[in-house]
Amino acid sequence: MTLNVTEIRKDFPILNRTTRNGSRIIYLDSTATSQKPVQVIEAMNEYYRASNANIHRGVHTLAEEATAMYEGAREKIAKFINAASAREVIYTRNTTESINLVAYTWARANLKAGDLVILTEMEHHSNLVPWHILQAERGVDLEFIPVTEDGLLDLDAYKALLERTPKLVSFTHMSNVLGTINPADEIIRMAHEAGAIVLVDGAQSVPHLHVDVQALDADFYAFSAHKMCGPTGIGALYGKTSLLDAMPPFLGGGDMIKEVKLRSFRPNTLPHKFEAGTPAIAEAVGFGAAVDYLASIGMDDIAAHEHDITEYALERLEEIPGVKLFGPSADKKGGVASFTLDGVHPHDVAQILDEDGVAVRAGHHCAQPLHEKFGIPATSRASFYLYSTKEEVDMLVKGLYKVKEMFG
Ligand code: 7TS
């Protein structure tokens, strides 16, 4: 079914505002963070107005309500990604913290000097730096699945790397720069055949695609609420029960314990073992509301809409002389269009577009090695979501012609 974008846009109050010079906001930066619908904003407000209390440690009415809302959101998130149990969904601050949780607990308990970790050349810094830190500390080896000229992973090279029996394969399901949707099922199957554990960076996939962690057979899957219509400050790590149960805790403190003595402690059961201290309760409520919102619209319809917009955007951008697009064709990617414009720095592109309210991002998008691979320091990036329209793409294109005029 096609999305009723006119109706959907009414749910996002921010899309009605204007900039200082009166231009309507054309928000093409959802890859960095999505906008939030009233359903999420109101759920969080209502939590603070009516149910605010600390969780898991009170028997009074408000504490019970807050706990039920916090845990209820976890159930919704588990169902959204088809986890076998809500115990397998750990709340974190974001994708970055989810990946670090695996690096600091599972990896430090299971990897030693010389063990191989396979990453890819298209990773966000949050799936590179935790492994650099581990490499410095433990002497693990890092290898990278190369990215081809057209922005795909080189699976033959991956196959060759797997012969070196890696302990972990960690890769992004969808690139935040190229938009490439990687064949996660195949990558995971091949890793498992080689005996490796798999961590998937789902920061860009969970917001845009129907993700089923059991069908994928992912061991760990990391994502952030703020990129999927939810609030900042909360994300999740999915992990298989057997792995999470065997892992040491991450941060120590309240809530993550079963019992504490002066000189020792016993960790709590899942998922609380990994959630130390007072968590982001209102944000969890907002996360649950975001999942409800996306599920009510339907992930397959959202993906189809984004595909339409992306196909149109790539076509229109390609027509502009001097524009060079990065990444594969629309059928292999999500709603991201990264490009350079001959003779104009990406930051200047973004700044001039902003004068007419068009919000794009410029820079290395936290993927410096990928930009280096393509021999450029930066790109401009337009990205799309369920509320994006072809008219907004037209405004982007119009803006780019203006940039070209200004730079002669
Ligand atoms: N992984 C990918 C693929 C991402 O796109 C991002 C954020 C992260 C991890 C980190 O997510 P966080 O919620 O922990 O920050 N990507 C971007 C971006 O493209 N522009 O701003 C943030």
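Buried area is the accessible area, taken with a 1.4 Å probe, that two parts lose on being put together, summed over both. The legends below describe a predicted model, in which local features need pLDDT of at least 70 and side-chain atom pairs count only at pLDDT 80 or more, while totals for chains, interfaces and linings use all residues. Residues are numbered from 1 along each chain as its sequence is written, and side-chain values use heavy atoms, with hydrogens and water left out.

**View 1. The two domains of the protein chain.** Domain 1 covers 5-30 + 298-406 and domain 2 covers 42-296, with bounds from an automatic or database domain assignment. Their C-alpha centres lie 28 Å apart. Domain 1 brings 33 residues to the contact and domain 2 brings 34 residues (contact means heavy atoms within 4.5 Å).

**View 2. The area buried between the domains.** About 2,500 Å² is buried between domain 1 and domain 2, and carbon and sulfur atoms give 61% of that. On the domain 1 side, look for Met299, Leu370 and Tyr385: these lose the most area to domain 2, together 24% of what that side buries.

**View 3. The salt bridge.** Between domain 1 and domain 2 the count is 1 salt bridge, defined as a side-chain nitrogen of Lys or Arg within 4 Å of a carboxyl oxygen of Asp or Glu. Glutamate 121 forms a salt bridge with lysine 373, and their closest N and O atoms are 2.9 Å apart.
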